[in-house]
Amino acid sequence: MTTVRIRTGNVDDFFSRTREAALKADRGERFEEKVTISFEDPDQMLMLLSGGRRRIMLEVMKRPQTVQNLANILNRNRSTIAKEIRYLEEKGLLSRKKAQAKENGCEVFVEAVAPKIELVAMLG
């Protein structure tokens with residue numbers, strides 16, 4: 001996936017985008033590799049990427065990180081970082097991947113589902 005678009009919109013906007021996608025499919029056109037997450041309330045959209053969550057996203061968009069690495073980089077409590085990661089995973093912005101550790105066992109890395117996130121908000 002190349003892009004995640006986080007936007008505000010209402011039900012009519014959703015059905016309009018769906019109708020456009022259906023027409024595009026009927027014409028045999030290719031689709032962009034993107035996911036759209038929509039919120040009717042702009043405040044809810046802004047809560048999704050609060051300051052702390054935005055910093056987490058920016059770090060894992062650079063390269064996958066472990067929870068402990070993120071806690072160290074961001075100078076935040078590990079349990080708080082883990083909680084924020086779970087929330088961002090539930091929203092579809094992050095995923096986890098296991099990798100062989102330098103020593104015994106394996107490490108779990110957190111990575112962004114896309115290298116780019118677009119925020120689109122319309123008021124009024």
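**Entry 1**

I started with Phe 15, which lies in helix H1, residues 11-26. My helices (H or I, at least four residues) and strands (E, at least two) are DSSP runs, numbered from the N terminus. I keep in mind that this is a predicted model, where local features need pLDDT of at least 70, side-chain atom pairs count only at pLDDT 80 or more, and totals for chains, interfaces and linings use all residues. Residues are numbered from 1 along each chain as its sequence is written, and side-chain values use heavy atoms, leaving out hydrogens and water.

Together with Val 11 and Phe 14, Phe 15 makes a nonpolar surface patch of about 290 Å². For patches I took residues with over 30% relative accessible area and no salt bridge, joining like charges within 9 Å and nonpolar side chains (Val, Leu, Ile, Met, Phe, Trp, Tyr) within 5 Å. The areas come from the Shrake-Rupley method with a 1.4 Å probe, and for residues only the protein chains shown count as cover.

**Entry 2: helix H4**

Next I looked up which residues of H4 (67-74) are buried, and found Val 67, Leu 70, Ala 71 and Leu 74. They sit on the same side of H4, because they cover an arc of only 100° around the axis, taken from the directions from the helix axis to the C-beta atoms. The buried residues of H4 pack against helix H3 (51-62), helix H5 (78-90) and strand S4 (106-112), contact meaning heavy atoms within 4.5 Å.

I also checked Gly 52, which is found in helix H3 and is buried, with a relative accessible area of 11%. From Gly 52 to Ala 71 the C-alpha distance is 11 Å, across 19 residues of sequence.

What follows H4? I found Asn 75, in the loop between H4 and H5. Asn 75 has a positive phi of about 55° although it is not a glycine. Most residues other than glycine have a negative phi. Asn 75 is exposed, with a relative accessible area of 72%.

**Entry 3: the core**

The largest nonpolar core has 23 residues, and those touching the most other members are Ile 6, Ile 56, Ile 81, Ile 85, Leu 88, Leu 93 and Leu 94. A core here is a set of buried Ala, Val, Leu, Ile, Met, Phe, Trp, Tyr and Cys residues joined through side-chain atoms within 4.5 Å. Two or more residues each come from strand S1 (3-8), strand S2 (34-39), helix H2 (42-48), H3, H4, H5 and S4.

**Entry 4: salt bridges**

I noted eight salt bridges in the structure, each a side-chain nitrogen of Lys or Arg within 4 Å of a carboxyl oxygen of Asp or Glu.

- Glu 84 and Arg 53 meet at 2.7 Å, N to O. Glu 84 lies in helix H5 and Arg 53 in helix H3, so the pair ties together parts that are 31 residues apart in sequence. I found Glu 84 buried at 13% and Arg 53 buried at 14%.
- Arg 27 and Glu 29 meet at 2.5 Å, N to O. Arg 27 is exposed at 53%, whereas Glu 29 is partly exposed at 36%.
- Arg 96 and Glu 89 have their closest N and O atoms 2.8 Å apart. Arg 96 is partly exposed at 38%, and Glu 89 is partly exposed at 26%.
- Arg 5, Lys 116 and Glu 118 are linked in a network.

**Entry 5: two distances**

How are Gly 92 and Lys 102 placed, in sequence and in space? They are ten residues apart in sequence and 29 Å apart, C-alpha to C-alpha. Gly 92 sits in the loop between H5 and strand S3 (94-100) and is partly exposed at 36%.

I then looked up Asp 41 and Met 122, which are 81 residues apart in sequence and 10.0 Å apart in space, C-alpha to C-alpha. Asp 41 is in the loop between S2 and H2 and is partly exposed at 31%.

Methods:
Buried means under 20% relative accessible area, exposed over 50%, partly exposed in between (1.4 Å probe, protein chains only).
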